[in-house]
Amino acid sequence: MKYYFSLSISYNEFLPYYQGKVHSIIATSNLGTKVQFPAMHLRKYLTNTGISGFFCLETQNNKFLSLTKVNSLEY
């Protein structure tokens with residue numbers, strides 16, 4: 001299953017996730033479905049301003065497969 005959602009998290013807001021104090025991110029997909037996934041998968045998208053963009057979470061049997069940053073026109 002693929003879920004598409006946008007995120008806008010400042011650097012300071014993401015710091016507890018990066019430090020491992022908070023383990024999961026909960027986002028609402030463009031279709032209104034709430035999805036939860038390990039925050040560690042967002043680390044590669046962290047910049048000095050935070051995390052911002054449109055993402056695709058792919059799962060199979062409710063298990064994490066991948067998280068990619070996409071152009072919103074791709075879905």
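Q: Which residues is Leu 67 in contact with in this predicted model, leaving aside its neighbours within four places in sequence?
A: Leu 67 is in contact with Phe 5, Phe 37, His 41, Leu 42, Lys 44, Tyr 45, Phe 55, Cys 56 and Leu 57. For each of these, contact means heavy atoms within 4.5 Å.

Q: What makes Leu 67 stand out in the largest nonpolar core?
A: That core has 16 residues, and Leu 67 is listed with Phe 5, Leu 42 and Phe 55 as those with the most contacts inside it. Two or more residues each come from strand 1, strand 2 (24-28), strand 3 (34-38) and strand 4. Strand 1 gives the most, with 4 residues. As general background, nonpolar side chains in soluble globular proteins tend to be buried together.

Q: How many aromatic pairs does a search of the whole structure find?
A: The search finds 5 aromatic pairs. Let's take two of them in turn.

Q: Why is the pair of Tyr 4 and Phe 54 called stacked?
A: Rings pair if their centres lie within 6.5 Å, and planes under 30 degrees apart count as stacked. The centres of Tyr 4 and Phe 54 are 6.2 Å apart and their planes are at 15°, so the pair is stacked.

Q: What makes Tyr 4 and Phe 54 a tie between parts of the chain that are apart in sequence?
A: Tyr 4 belongs to strand 1 (residues 2-10) and Phe 54 to strand 4 (residues 50-60), so their pair ties together parts that are 50 residues apart in sequence.

Q: How do you know whether Tyr 4 and Phe 54 are buried or exposed?
A: Buried means under 20% relative accessible area. Tyr 4 has 16% relative accessibility and therefore counts as buried. Phe 54, at 14%, counts as buried too.

Q: Why is the pair of Phe 5 and Phe 55 described as stacked?
A: Here the ring centres are 6.1 Å apart and the planes are at 25°, so the pair is stacked, given the cut-off of under 30 degrees. Phe 5 lies in strand 1 and Phe 55 in strand 4, so this pair also ties together parts that are 50 residues apart in sequence. Both Phe 5 and Phe 55 are buried.

Q: Which residues do ring pairs link into a cluster?
A: Phe 5, Phe 37, Tyr 45 and Phe 55 are linked into a cluster by ring pairs.

Q: Where does Arg 43 lie relative to Tyr 18?
A: Arg 43 lies over the face of Tyr 18, at 5.0 Å from the ring centre. The distance limit for a charge over a ring is within 6 Å.

Q: Why is Thr 59 called buried?
A: Thr 59, found in strand 4, has a relative accessible area of 11%. Buried means under 20%, so Thr 59 counts as buried. Not counting residues up to four places away in sequence, Thr 59 touches Met 1, Tyr 3, Phe 64 and Leu 65.

Q: How many helices and strands are there in the protein chain, and how do the elements run?
A: The protein chain has 1 helix and 5 strands, which run β-α-β-β-β-β from the N terminus on.

Q: How do you know how compact the protein chain is?
A: Its radius of gyration is 12 Å, close to the 11 Å that the globule rule gives for 75 residues, so the chain is as compact as a globular protein of that length. The C-alpha atoms fill a box of roughly 30 × 25 × 20 Å along the principal axes.

How values were computed:
Residues are numbered from 1 along each chain as its sequence is written. This is a predicted model: local features need pLDDT of at least 70, side-chain atom pairs count only at pLDDT 80 or more; totals for chains, interfaces and linings use all residues. Side-chain values use heavy atoms; hydrogens and water are left out. Rings of Phe, Tyr and Trp (its six-membered ring) pair if their centres lie within 6.5 Å; planes under 30 degrees apart count as stacked, over 60 as edge-to-face and the rest as tilted. Buried means under 20% relative accessible area, exposed over 50%, partly exposed in between (1.4 Å probe, protein chains only). A charge sits over a ring if NZ of Lys or CZ of Arg is within 6 Å of the ring centre and within 35 degrees of the ring normal. The radius of gyration is taken over C-alpha atoms; the globule rule is 2.2 Å times the number of residues to the power 0.38. A nonpolar core is a set of buried Ala, Val, Leu, Ile, Met, Phe, Trp, Tyr and Cys residues joined through side-chain atoms within 4.5 Å.
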